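Good morning, and thank you for coming.

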Amino acid sequence: MPEIVFKGKEYVYNHHLTVPYRPLEPQATKGIGAADLNGNLVIHGDNLHALKSLLPRHAGQVDLIFIDPPYNTGNEGWCYSDGVNSPIMKEWLSTNPVDGEDMLRHDKWLCMMWPRLVLLRELLSETGSIWITLDDNEVHRARMMLDEIFGDENFVNCFVWRKVDSPNDNKVAVTPDHDFLLCYARDRSQVVFSPMVAPGILDAYSARDDRGRLYRDRLLKKNGKNSLRKDRPTMYFRLVDPDGGDVFPTHDNGEEARWAAGEKAVFAHIAAGTLIWKRRERQGRTVWEPYTREFAPDVPTRPYPTIWADVPTMRQAKAMLRDMFATGDVFDTPKPVELIERILELVDQKNTLVLDSFAGSGTTAHAVLKANAKDGGARRFILVEGEDYADTLTAERVRRAINGYAWEGTQRETLLEEKITLTQFKKAAEWLARVDAIKRVEGLGGEAEGTADLVEQAARKMRKRKRFDKIEARIDDGVLRVEGVRRISERAPGLGGSFTYCTLGEAVDLDKLLSGEKLPAFDALGAWLFYTATGGVLPPPPKKAPMWYLGEAKDSHVWLVYKPELHFLKSPEAALTLSLARQVQDWGKSHDAKRKRTPLRHLVFAPAKYLSNRQLQEHGVDYAPLPFALYREA
Ligand SMILES: C[S@@+](CC[C@H](N)C(=O)[O-])C[C@H]1O[C@@H](n2cnc3c(N)ncnc32)[C@H](O)[C@@H]1O
């Protein structure tokens with residue numbers, strides 16, 4: 001398979017491995033509900049670091065990733081700031097933000113995306129999928145990169161979303177009005193999507209049988225193109241009508257026709273009682289004609305198209321955000337909630353874990369909350385946003401969606417609509433008087449002029465006073481339109497839910513553990529060691545877990561003797577002793593006996609050990625010294 005070549009690729013290829021692990025630190029006052037790292041999360045921080053932080057709890061667990069990264073248009077002001085250990089790439093840090101003049105802007109974008117996509121893939125579950133919005137600036141390079149990271153066999157589709165509904169620049173011949181939405185599966189053979197629910201399909205089923213089932217009958221004889229016996233000789237065969245007569249497919253002009261299905265399918269209909277004979281008049285004769293009966297599907301569906309022109313546009317997405325924040329534009333490039341809702345419908349699971357590591361205004365969380373409110377689902381979201389507005393915009397939108405928000409908007413009511421023909425145009429003064437009268441009637445001023453009967457007509461029509469804040473009159477495409485405009489204040493109801501707001505803690509630097517600098521909390525270090533040693537996600541702790549117990553991996557119980565206190569770590573209390581090895585072994589035996597299985601081995605992380613290798617062996621214990629050695633279990 002051809003591979004994409006770009007400057008810096010050799011340095012970023014494995015960069016994800018050198019990114020330090022920084023534990024997630026919940027900020028109690030900024031979330032809603034009790035802090036829970038397994039629940040909904042909004043994380044403030046660079047997503048490269050945040051994705052690494054998510055690995056211990058979420059590796060292989062995420063069902064759906066939606067990302068809307070910088071498109072690299074040359075004027076977004078995005079920065080390449082990954083600090084990859086190479087002189088050429090360190091130099092790149094001085095040329096931020098990456099603008100349209102930058103000759104290396106495509107290389108930089110690929111270098112930024114590569115390690116993030118590698119980590120995102122590690123977070124995806126075996127049945128998961130990743131969806132990425134882009135435009136023509138990078139979509140072709142992104143596809144090559146994604147083919148390489150996810151495997152081209154896992155490419156699912158490239159959808160097109162119509163993002164604008166009116167031309168945005170009248171001076172040029174062509175302006176793009178769509179974005180792309182790339183979809184890759186973690187494993188194409190395991191991912192499952194649901195087709196689109198299409199109630200309109202039921203319109204084709206107009207009859208009901210005696211059991212109340214909707215059905216339609218279709219003539220078995222093929223008509224139109226390729227409908228002759230010679231076109232499909234195997235579809236020309238004899239059927240026996242209810243009077244015992246032979247019936248062959250024949251056109252009205254006497255030509256030998258063919259059935260619309262083969263012998264096997266037709267006899268399956270006969271066996272199922274869905275081959276229906278009807279008496280029909282044909283050229284003055286009454287004959288029997290066979291029909292196949294099709295029942296309406298319980299859930300009518302059709303495949304999703306790849307062009308999404310029915311999803312709201314960017315303009316509507318911005319309007320929604322303006323309503324939620326009751327101000328002007330708070331964010332330039334929000335995606336419509338409905339775009340992500342569409343993806344959630346396709347994935348069609350009520351407990352999907354959704355990750356968006358370029359969260360912006362938090363649309364993805366809003367879509368997840370909406371979907372749950374609609375169908376009582378238990379979907380969860382994880383958002384990551386690097387800018388300071390992670391709190392004031394991203395998380396704030398989530399708060400407003402959960403709790404509800406005051407909504408201010410404008411409502412318009414058409415008070416007069418009249419096509420202005422030449423004859424009407426001659427009565428311009430009368431029309432102006434009528435507009436003026438409407439204003440007067442609505443209690444919004446206006447000087448009535450013109451004929452009394454027009455003023456009177458308008459006055460009769462508008463009884464209530466001051467229903468509007470203003471009256472607007474304009475002529476559009478030759479139509480005079482007068483509208484009453486009123487500001488309204490309402491409260492959009494909350495969708496319910498909770499979330500935990502996190503920042504990224506200090507990097508866990510194992511080499512610095514015993515120097516006492518930056519000692520991580522037990523949970524943070526435990527989750528990371530567990531993931532590093534076993535490649536698996538730390539399960540929730542069992543009830544009544546003994547001291548130092550971390551959790552169960554595939555073939556062993558994992559323990560960590562650790563407190564974030566230097567004097568403890570250097571003390572004999574922190575050592576793996578014979579007595580601790582016995583306790584570990586005894587607990588394991590009884591725990592595993594209850595589960596009717598042979599006892600698992602034990603992997604114990606501790607700063608020191610006071611027992612021999614033979615004693616370790618006798619107790620079924622593997623020792624991993626802290627902080628110097630970490631290894632993966634074979
Ligand atoms: C195009 S916007 C996403 C808009 C979002 N889909 C919405 O509907 O509002 C991209 C977002 O990614 C954020 N971003 C870019 N690079 C990032 C990084 N390295 N870490 C975290 N966030 C980043 C930007 O700050 C920006 O808010």
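**Confidence and overall form**

What we have on the screen is a predicted model, with a mean pLDDT of 90 over the chain and scores of at least 70 for 93% of the residues.

Let us turn to the chain as a whole. Its secondary structure amounts to 18 helices and 27 strands. The C-alpha trace spans about 100 × 90 × 50 Å along the principal axes. The radius of gyration is 34 Å, whereas a compact globule of 634 residues would have one near 26 Å. Of those 634 residues, 34% count as buried. As for contacts between residues at least 6 apart in sequence, 71% of them join residues at least 24 apart.

To give you a sense of distance, consider Gly-224 and Arg-595. These two are 371 residues apart in sequence, and their C-alpha atoms are 68 Å apart in space. Gly-224 sits in the loop between strand E9 (214-219) and strand E10 (239-240). Gly-224 counts as exposed because it has 5 C-beta neighbours inside 10 Å, and the cut-off for exposed is 12 or fewer.

**The surroundings of the ligand**

Which residues come nearest to the ligand? There are 17 residues around the ligand, and the nearest are Phe-358, Gly-360, Ser-361, Thr-363 and Gly-386.

I now come to helix H15, which covers residues 522-534. H15 reaches 17 Å from its first C-alpha to its last, close to the expected 18 Å. Is H15 mostly covered or mostly uncovered? It is mostly covered, with ten of its 13 residues buried. Among them are Trp-528, Leu-529, Phe-530 and Tyr-531. The buried residues of H15 pack against helix H3 (47-58) and against strands E22 (549-552), E23 (556-560), E25 (601-606) and E27 (621-625). Just after H15, Gly-535 has a positive phi of about 75 degrees.

Helix H13, residues 428-441, has 14 residues and reaches 20 Å, close to the 20 Å expected. The buried residues of H13 include Trp-431, Ile-438 and Val-441, and also Arg-434, Asp-436 and Lys-439.

**Backbone details**

Most residues other than glycine have a negative phi, and most peptide bonds are trans.

The peptide bond from Asn-96 to Pro-97 is cis, with omega near -10 degrees. Pro-97 is in the loop between helix H4 (87-92) and helix H5 (105-123).

Ala-326 has a positive phi, near 50 degrees, and belongs to the loop between helix H8 (314-325) and helix H9 (337-347). Ala-326 is partly exposed because 14 other C-beta atoms lie within 10 Å.

Finally, Lys-596 also has a positive phi, near 55 degrees. Lys-596 is placed in the loop between helix H17 (578-594) and E25. Why does Lys-596 count as exposed? The reason is that Lys-596 has 6 C-beta neighbours inside 10 Å, and 12 or fewer is the cut-off for exposed.

Thank you for your attention.

Terms used. Residues are numbered from 1 along each chain as its sequence is written. This is a predicted model: local features need pLDDT of at least 70, side-chain atom pairs count only at pLDDT 80 or more; totals for chains, interfaces and linings use all residues. A residue is near a molecule or strand if its C-beta atom, placed from the backbone, lies within 6 Å of it. Helices (H or I, at least four residues) and strands (E, at least two) are DSSP runs, numbered from the N terminus. The radius of gyration is taken over C-alpha atoms; the globule rule is 2.2 Å times the number of residues to the power 0.38. A residue is buried if 20 or more other C-beta atoms lie within 10 Å of its own, exposed if 12 or fewer, and partly exposed in between; C-beta atoms are placed from the backbone. Two residues are in contact if their C-beta atoms, placed from the backbone, lie within 7 Å. pLDDT is the predictor's confidence in each residue, from 0 to 100. The expected span of a helix is 1.5 Å times one less than its number of residues.
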